[in-house]
Amino acid sequence: MVAEKPKEPESHKDPFNLGWDETLGKPENVKLTRMDEKRMEMLKILQRATYPVIYQTTFYQNLYSQGRQFSWLAYYCDTLIGEICCRVEPTADGGKRLYIMTLGVLAPYRRDGVASYLLRHAMLDAYNSPAINSIALHVQISNTVAIDFYKKYGFEVKETVKDYYSSLDEKDAHLLMRSAE
């Protein structure tokens, strides 16, 4: 006999009071799957097509060892089109935060709610994990589209980090954060 997973209370469908319905704004024909080792090669291909940098092996090792349970892949009709990769890291006050390493969607599928759907799932995972008290990420200071996107979800610019992106032309980044509670 398989134990039935407890049903999530309705109040957890929109714990951040951002106007989510119980579908979390699911785009049509999009299915999410948690990250696992067998999907890592497909993730690498997707990220090469999505980002201006090539991530090193340590990026994927950290993802798998420190955050795969908070990382999601988005498929449209069985084609990988997007991802959110996160890791859990300690905070100065002894707590933990969910750090969003990457959030990307292939260009033809942007502006269809896929990134929002991925972010909502990671945020809900963080909310449901008692150990995590905040969510953070870095964004290039010139990427106003991304900054505005995250602000819609309650993120705030906490600081500007000089030379954060050493291999890019635009090196400075904002650290964006929000509570996970």
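**Entry 1**

I started with Arg111, which is exposed, with a relative accessible area of 80%. For this label I use over 50% as exposed, under 20% as buried and the range in between as partly exposed, with a 1.4 Å probe and protein chains only. The model is predicted, so I note that local features need pLDDT of at least 70 and side-chain atom pairs pLDDT 80 or more, while totals for chains, interfaces and linings use all residues. Residues are numbered from 1 along each chain as its sequence is written, and side-chain values use heavy atoms, with hydrogens and water left out.

Arg111 sits in the loop between S4 and H3. Helices (H or I, at least four residues) and strands (E, at least two) are DSSP runs numbered from the N terminus. I looked up its phi and found a positive value near 70 degrees, in a residue other than glycine. Most residues other than glycine have a negative phi. Asn29 is also not a glycine and has a positive phi of about 65 degrees. Asn29 belongs to the segment before S1 and is partly exposed, at 42% relative accessible area.

**Entry 2: the sheet**

In what order do the strands of the open sheet run? I read S1-S2-S3-S4-S5-S7-S6, 7 strands with mixed pairing. I count two strands as paired if DSSP finds at least two bridges between them. S1 and strand S6 (156-161) are the edges; each has a single partner strand, so one side of each is left without a neighbour in the sheet. From one strand to the next the twist averages 25 degrees.

I then checked two of the pairs. S2 and S3 are antiparallel over 5 bridges. Ala74 is opposite Gly82 in S3, and Leu73 has Glu83 in S3 as its bridge partner. The S2-S3 hairpin has 2 residues between the strands, and Cys77 there takes a positive phi near 50 degrees. S3 and S4 also run antiparallel, joined by 9 bridges. Cys86 faces Ile100 in S4 as its opposite residue. The hairpin of S3 and S4 has 5 residues between the strands, and Gly94 in its turn has a positive phi of about 90 degrees.

**Entry 3: helices on the sheet**

I looked up H4 and found that it lies across S4, S5, S6 and S7, at about 160 degrees to S5. For such angles, axes are lines fitted to C-alpha atoms, for helices over the stretch in contact, and values run from 0 to 180 degrees between N-to-C directions.

**Entry 4: nonpolar cores**

A nonpolar core here is a set of buried Ala, Val, Leu, Ile, Met, Phe, Trp, Tyr and Cys residues joined through side-chain atoms within 4.5 Å. Which members of the largest core touch the most other members? They are Ile84, Ile100, Leu118, Leu119, Tyr150 and Phe155, out of 31 residues. The elements giving two or more residues to this core are S1 (30-34), S2 (72-76), S3 (79-90), S4 (96-105), H3 (114-127), S5 (132-140) and H4 (144-151). H3 gives the most, with 7 residues.

For Leu118 I listed the contacts, leaving out residues up to four places away in sequence: Leu32, Trp72, Leu73, Ala74, Gly82, Glu83, Ile84, Leu103, Gly104 and Val105. Contact means heavy atoms within 4.5 Å.

**Entry 5: Asp125**

Is Asp125 buried or exposed? Asp125 is buried, at 15% relative accessible area, and is found in helix H3. Its side chain makes a polar contact of 2.9 Å with the side chain of Arg34. Another polar contact, also listed at 2.9 Å, goes to the side chain of Trp72. The term means a pair of N or O atoms within 3.5 Å; within protein, one must be able to donate a hydrogen and the other to accept it, and residues adjacent in sequence count only if both atoms are side-chain atoms. Residues up to four places away aside, Asp125 touches Arg34, Gln69, Phe70 and Trp72.

**Entry 6: cysteines**

How many disulfides does a search of the whole structure find? I got 0, taking a disulfide as a pair of cysteine sulfur atoms within 2.5 Å. For Cys86 the closest cysteine sulfur is that of Cys85, at 7.2 Å, too far for a bond. Cys86 is buried, with a relative accessible area of 0%, whereas Cys77 is partly exposed, at 48%.
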